[in-house]
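Hi everyone, thanks for coming. Please have a look at the sequence and the model on the screen, and then we'll walk through a few side chains together.

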Amino acid sequence: MKKVFLWCRRYLSVTFLILIAFVMIVLFFNDNSFVKSVEYTTRIKELREEIRDNEDTLRYYRHMNHALDTDPETMERIVRENYHMQRENEDVYLVE
């Protein structure tokens, strides 16, 4: 046991131990730690993929909105399909 103590005293200084403790705190136990940084980077990648997916949907609905504003046939088709509206002289059957 005495040999281990002498070895530690000879090769490990107090400043080195403080430096190691500081590095460990910064890397693992801090709010800006390496582990949290990796988690944040992963979350950012997931959110960017979600944004990419939602941009496709946004483009589709913008196109549909423009078509509704400019084309009466498109408006009639969408209203009839989504709201089950009908003309006076026709019957609508819903099949599910």
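Let me start with a question: does aspartate 56 count as buried, partly exposed or exposed? Aspartate 56 counts as partly exposed, because its relative accessibility is 44%. Buried here means under 20% relative accessible area, exposed means over 50%, and partly exposed is in between, using a 1.4 Å probe and protein chains only.

A word on where this comes from. This is a predicted model, in which local features need pLDDT of at least 70 and side-chain atom pairs count only at pLDDT 80 or more, while totals for chains, interfaces and linings use all residues. Residues are numbered from 1 along each chain as its sequence is written, and side-chain values use heavy atoms, with hydrogens and water left out.

Back to aspartate 56, which has a partner: arginine 59 forms a salt bridge with it, the closest N and O atoms being 3.1 Å apart. A salt bridge is a side-chain nitrogen of Lys or Arg within 4 Å of a carboxyl oxygen of Asp or Glu. Both residues lie in helix H3, three residues apart, about one turn of the helix. Helices are DSSP runs (H or I, at least four residues), numbered from the N terminus. Arginine 59 is exposed, at 52%.

How many salt bridges does the structure hold? There are three. Another one joins glutamate 46 and arginine 43 at 3.5 Å, N to O. Those two are separated by about one helical turn, because they are three residues apart in helix H3. Arginine 77 also forms one with glutamate 81, with 3.6 Å between the closest N and O atoms, and here the pair sits four residues apart in helix H4.

Now for something buried. Serine 33 is in the loop between helix H2 (14-29) and H3, and it counts as buried because its relative accessible area is 3%. Leaving out residues up to four places away in sequence, serine 33 touches Val26, Leu27 and Phe28, where contact means heavy atoms within 4.5 Å. Its side chain also reaches the backbone nitrogen of lysine 36 at 3.3 Å.

Last stop: threonine 70 in helix H3 (residues 34-70). Threonine 70 is exposed, at 51%, and a polar atom of its side chain lies 2.9 Å from the backbone oxygen of histidine 66. How far is threonine 70 from phenylalanine 16 in space? They are 74 Å apart, C-alpha to C-alpha, and 54 residues apart in sequence.

Definitions and conventions: Polar contact = N/O pair within 3.5 Å; in protein donor to acceptor, adjacent residues only side chain to side chain.
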